[in-house]
Every structure is written in structure tokens, then in C-alpha cells.
Amino acid sequence: MKKIVTLICTTLIFSMLYSCGQKSEIAQENNTEEFNNWYYVRMDNGAIYRDKDLPYVIDFDNMNTSVICNIPNCSHSTNNCLITALKSSEQLPIIYNGAAYFFENKNGYIEKDGKNALDLSFKLRKYNFNNCEFSDVAEVKDFNANVDDGCYLIGTNYYFTTNIGNPTYDELGNVSSSSTSGGGNLFCINLENGTVTDYGEVFDYESLKKQYPSAQNSLSMYLMGKIDNQLYIGINFMKKELTHEMMQNGETPLFYGETHTFDLNTHKITKLDDEFSMCSMNGYHSYYPSGNNTSIMLQNVTTGEIIQGPDILSWNAMTIIDDKVWHDDAKCFDIKTGKDEKISSYNYGQVIAKYNDTYIFMGEDDKGKTIFEKIPQNTSS
Ligand SMILES: [Zn+2]
């Protein structure tokens with residue numbers, strides 16, 4: 001009898017020690033850069049993506065996929081699970097040095113000087129894959145992080161935009177409504193030591209609202225990518241109010257935009273153009289020209305040359321790799337020849353990265369399940 005008890009105790013201790021031991025190898029790797037564009041997180045050797053509302057990791061080496069939670073037999077509904085922590089905001093985390101990082105926004109109301117005011121803050125949280133514990137890296141008051149509008153990790157620095165709750169006020173000065181759109185600041189948090197840097201307002205939101213009052217209800221800001229030492233931040237908004245009549249007639253309002261760049265060396269934010277920014281990477285800044293939300297233009301940032309790109313109807317469903325635009329509906333547009341060709345038997349999806357000599361295609365099968373394919377480099381030229 002005693003022997004059995006000992007055996008049970010040993011098994012218990014053993015399973016407690018290893019109950020948090022399952023690690024995806026990719027979580028242990030360090031990346032030089034990671035771009036979290038909300039649809040997926042592009043890393044050096046893999047990606048994080050959603051499938052049926054659960055976050056997964058794919059390793060581009062062996063194309064193995066695994067759910068991002070590393071607790072064996074987890075229901076993903078308990079408070080010690082990373083997926084539970086991500087559920088409410090639907091954000092994807094980034095991975096750095098054996099841990100996942102994600103934001104937690106708090107937005108509520110508070111009474112200030114007898115008036116109804118906004119009470120905003122956000123935290124950057126960390127989940128350590130080695131001991132399965134959560135901790136807070138940094139907390140910032142008066143802002144919410146834009147968790148679904150693009151974030152960029154460069155080395156140890158995580159860059160992201162924020163909002164100030166986009167408040168409207170009644171005649172007495174009380175906040176009467178709030179939303180996650182509108183203007184805000186560019187921030188950076190150093191993941192090693194939690195240092196927070198506020199680089200200030202990306203653009204003058206108050207002036208823009210004066211010029212186009214409808215921007216209050218339609219503006220969003222998005223970190224669109226990086227070329228050399230510049231981060232590209234796009235804003236887009238409607239110049240006219242969307243009316244009930246337009247909605248009934250199924251009319252799609254036109255969106256206009258501006259592109260602003262952040263210099264990673266000088267830390268200066270500069271307005272680049274008045275276009276509706278799309279993806280910017282590998283030497284090309286792409287955008288919808290003013291008054292057109294269908295076909296994109298591509299600017300070669302080295303030569304300044306402007307090239308007519310393909311029609312792209314899904315916003316930001318594209319990448320630019322090897323002088324080619326890999327875009328929605330599994331197509332590849334060759335910038336040099338102007339040819340636009342289908343690259344996969346799947347109908348939905350796009351190439352999201354290049355790994356060694358292959359392009360990584362992320363698509364969807366007929367049942368809506370996320371699939372990946374490796375496309376050899378030579379078949380798409
Ligand atoms: Zn879980």
C-alpha cells in the first residue's frame with residue numbers, strides 16, 4: 001500500500017513539473033524583426049495566425065503548425081492560458097526570447113472636476129512559455145494601444161500606435177461618446193527593460209477634424225510596414241459623412257488618406273503624401289491614389305518611379321517581395337512585366353513571406369480552414 005502511495009506522489013510531482021513543459025521550438029527563437037499586421041505576425045522563420053478563432057504558430061522549416069498555448073490538454077478557457085488572455089481583444093501576440101507579448105486595454109469613465117471624463121490606460125503583458133506565468137512589462141495612462149492596427153518589433157523595440165478614445169463632448173463638457181478610432185501617438189516599449197517612449201502625435205487630428213468633420217466617425221490609423229529605417233504609418237478617413245441613404249443604396253463611400261513616416265534614427269515623424277497607404281516593404285511604398293479605392297500604385301522609394309499596380313479589393317491583403325506584389329485571390333503581380341497571374345489552386349490567400357528559396361502562401365480551403373503551401377521561387381517568374 002505504501003508503495004502505491006509513493007508511486008502516485010512521484011507521478012504527481014513529475015506531472016506538475018512537466019505540466020508546462022510543451023514548447024513550440026519557434027517560441028525559443030529570436031527574431032530580428034516581427035511585423036504584427038493583425039491578420040498574421042510575420043517572423044524570421046515562421047508566423048502566428050488565426051484559424052477558427054484560435055492563434056497558431058507555423059514553423060517555416062518543417063511547416064508544422066501548433067496552437068500557441070503550450071499547456072497540455074488545455075481547454076483554453078482558464079485564466080492561466082495565453083489564449084484566454086488574448087480572446088477578448090482578438091489580437092495576436094508577438095514572440096520574443098521565450099515569451100509572448102500582448103496588450104491589455106482599459107477603457108471606462110471617471111468623474112473629473114464634476115464632469116464625465118474618459119479613463120484610459122493600457123498594459124503590455126508578457127507570457128513566459130518556460131514557466132507559463134504572466135507578468136506586466138509596462139503600463140501607460142490616458143491612451144489605449146491600437147491592438148488591431150499594426151505593430152512592429154525591431155530588435156528589442158516594439159513600436160505601435162495608440163488612440164485617446166476619440167471622445168465627443170456634450171454642451172456641458174461631458175464625454176458623450178468614445179471609440180477606438182481617431183488620432184493618437186506613436187509609442188515604443190523596450191521588451192528587455194520595459195522602458196516606454198512616447199514619440200508624440202502621428203498627425204494633427206484636431207486640424208483634420210476641423211477640415212473634415214466626418215473624419216471623427218471614419219478615421220483609422222495603421223502601421224503599414226517598414227522600408228530601410230522608416231516606419232510607414234497610414235491614416236484613412238471619409239471626407240463626407242456616410243448617410244443612411246447611401247447605406248440603403250449599398251453605396252461604398254470613398255476613403256482618402258495620408259502617409260506619415262517615422263525615422264528610426266532621428267525619431268522624427270514626417271508627412272510623406274496624401275494617399276491611402278497600403279503595404280510598404282522591400283523598397284516599395286504602395287497606396288490607393290486619391291479618389292480611387294481599387295487599383296494600387298507603387299512607388300519605388302530608391303528611384304522615385306511610380307508604377308501602376310494591380311487591382312486589390314481587400315485592404316492590405318498583400319505583400320511586396322522580389323519586385324512582385326503577392327495579393328488577394330492567390331495572385332502574383334510582376335512589377336517589372338505588369339503580368340498578374342494565379343499562383344495556387346486555392347482561391348483565397350496570398351504569399352505572406354519568403355523563406356530560404358520558397359514563398360510561403362497562406363490561404364483558405366473550401367471549409368474555411370487555414371492552409372499553407374510552399375511555392376518554389378522559379379515557378380512565379
Ligand atoms: Zn490553453
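Two strands count as paired here if DSSP finds at least two bridges between them. I keep that in mind for these entries, since the model is a predicted one.

**Entry: strands E26, E27 and E28**

I started with E27, residues 331-334. On one side I looked up E26, residues 324-327, which runs antiparallel to E27 and is joined to it by four bridges. E28, residues 340-342, is also antiparallel to E27, and three bridges join these two.

I then checked the connections. E26 and E27 make a hairpin with three residues between them. In that turn, Asp329 has a positive phi of about 65 degrees. E27 and E28 make a hairpin too, with five residues between them. Gly338 sits in this turn, and its phi is positive at about 80 degrees.

I located Trp38 in the loop between E1 (33-36) and E2 (40-42).

His267 is another non-glycine with a positive phi, about 65 degrees. I placed His267 in the loop between E19 (256-263) and E20 (269-273).

Is His267 buried or exposed? I noted 12 other C-beta atoms within 10 Å of His267, so it is exposed; the cut-off for exposed is 12 or fewer. For Trp38 I noted 18 within 10 Å, so Trp38 is partly exposed.

Definitions and conventions:
Residues are numbered from 1 along each chain as its sequence is written. This is a predicted model: local features need pLDDT of at least 70, side-chain atom pairs count only at pLDDT 80 or more; totals for chains, interfaces and linings use all residues. A residue is buried if 20 or more other C-beta atoms lie within 10 Å of its own, exposed if 12 or fewer, and partly exposed in between; C-beta atoms are placed from the backbone.
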